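Please look at the model below before reading these notes. They go from the chain as a whole to single residues.

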Amino acid sequence: MQMLEQLKNDGKIDGRLFEWAQELRVLGNEGAHFTGTGVSREDAADGLALAEAPLDYLYVLAAQFEAFKARRAKAKGAGQSGSQN
């Protein structure tokens, strides 16, 4: 949990993603250890989707956004050099 808290403190994830991670930890503990609380199929499916969300945000979407910015910067640079008369 310290790593996630550090990501939040560094501004790499927002408070909502951090809260999701905390709730997923509780859900995982309920599923892995006998706590007297069962994990429903619906909670398990939601847990999987919510676990993927921070990974998509940190890795997939971050890389996609960087590629987008690079492509836009390249296009802007090509447009400027082509507009000189």
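1. Of the 85 residues of the chain, 8% count as buried; buried means under 20% relative accessible area, exposed over 50%, and partly exposed in between (1.4 Å probe, protein chains only). This is a predicted model, in which local features need pLDDT of at least 70, side-chain atom pairs count only at pLDDT 80 or more, and totals for chains, interfaces and linings use all residues. Residues are numbered from 1 along each chain as its sequence is written, and side-chain values use heavy atoms, with hydrogens and water left out.

2. The chain has three helices and zero strands, in the order α-α-α from the N terminus. Helices (H or I, at least four residues) and strands (E, at least two) are DSSP runs, numbered from the N terminus. The radius of gyration is 20 Å, well over the 12 Å that the globule rule gives for 85 residues, so the chain is more spread out than a compact globule. That radius is taken over C-alpha atoms, and the rule is 2.2 Å times the number of residues to the power 0.38. Along its principal axes the C-alpha trace spans about 75 × 25 × 15 Å.

3. The accessible surface of the chain is about 7,000 Å², and 54% of it belongs to carbon and sulfur atoms. Such areas come from the Shrake-Rupley method with a 1.4 Å probe; for residues, only the protein chains shown count as cover.

4. How many salt bridges does the structure hold? There is one, formed by Lys69 with Glu66, whose closest N and O atoms are 3.3 Å apart. The term means a side-chain nitrogen of Lys or Arg within 4 Å of a carboxyl oxygen of Asp or Glu. Both residues lie in helix H3 (residues 41–82), three residues apart, about one turn of the helix. Lys69 is partly exposed at 38% relative accessible area, and Glu66 is partly exposed at 45%.

5. Leu55, Tyr57, Tyr59, Val60 and Leu61 form a nonpolar surface patch with about 520 Å² of accessible area together. Patches are made of residues with over 30% relative accessible area and no salt bridge; like charges are joined within 9 Å, nonpolar side chains (Val, Leu, Ile, Met, Phe, Trp, Tyr) within 5 Å. Val60, in helix H3, is partly exposed at 47%.

6. Lys8 lies in helix H1 (residues 2–9) and is partly exposed, at 30%. Leaving aside residues up to four places away in sequence, Lys8 touches Ile13, Asp14, Gly15 and Phe18; contact means heavy atoms within 4.5 Å.
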